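Me: I would like to learn how to read a model like this one. Please take me through it step by step.

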Amino acid sequence: MSRYSMDPLAVGRVIGEVLDPFVRTVAFRVRYNNREVTSGCELRPSQVANSPRVDIGGDDLRNFYTLIMVDPDAPSPNDPSLREYLHWMVTDIPGTTSASFGQEVVKYESPLPHLGIHRFVLVLFQQLGRQTVFPPELRHNFCTRDFALLYNLGLPVAAVYFNAQREPSNRG
């Protein structure tokens, strides 16, 4: 049995549908209101309304990273015709800092799934240098693999995903 078959990213079909297999090489911590995101956990849309705190390891402030957040299940898991929907992009994040030190080039759009359970993937790439990655024109039909190829980002250095679904309305 390969090590990827037990990886939560593989079990959740993130590896395969969004990313190619990779080895995590950089510490990567994502928190929404002090709740740490672990791959496969479930969060309510109200919990992820604002951008998370993202801490990045690495060994050098001279290394820069790009953070991408996508929904591969838009508009619904049964018909992902907008796959992948880009929710957020931050570039030029120095190593050993947080995403708040980078350049938010695609503003955070809070997840609001309408149908089914959606996966929201946060993936980190190491850039070749500062100011070498630029935002795409569209949010829908974004392709993380193609974007990484376009900007010579290589394989991801870290990734995590969470699940979210529509919250029930409070009807009196």
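Reply: Start with the surface: accessible areas come from the Shrake-Rupley method with a 1.4 Å probe, and for residues only the protein chains shown count as cover. Here the accessible surface of the protein chain is about 9,100 Å², and carbon and sulfur atoms hold 50% of it. This is a predicted model: local features need pLDDT of at least 70, side-chain atom pairs need pLDDT 80 or more, and totals for chains, interfaces and linings use all residues. Numbering runs from 1 along each chain as its sequence is written, and side-chain values use heavy atoms, without hydrogens or water.

Me: What share of the 172 residues is buried?

Reply: Buried means under 20% relative accessible area, exposed over 50%, partly exposed in between (1.4 Å probe, protein chains only). In the protein chain, 47% of the residues are buried.

Me: Where does Asp 71 sit?

Reply: Strands are DSSP runs of E, at least two residues; helices are H or I, at least four; both are numbered from the N terminus. Asp 71 lies in strand β5, residues 64-71. The chain has three helices and nine strands.

Me: Which side chain of opposite charge is nearest to Asp 71?

Reply: Lys and Arg count as positive, Asp and Glu as negative; His and the chain ends are not counted. A salt bridge puts a side-chain nitrogen of Lys or Arg within 4 Å of a carboxyl oxygen of Asp or Glu. Asp 71 is buried and has no salt bridge; Arg 119 is the nearest, 6.6 Å away.
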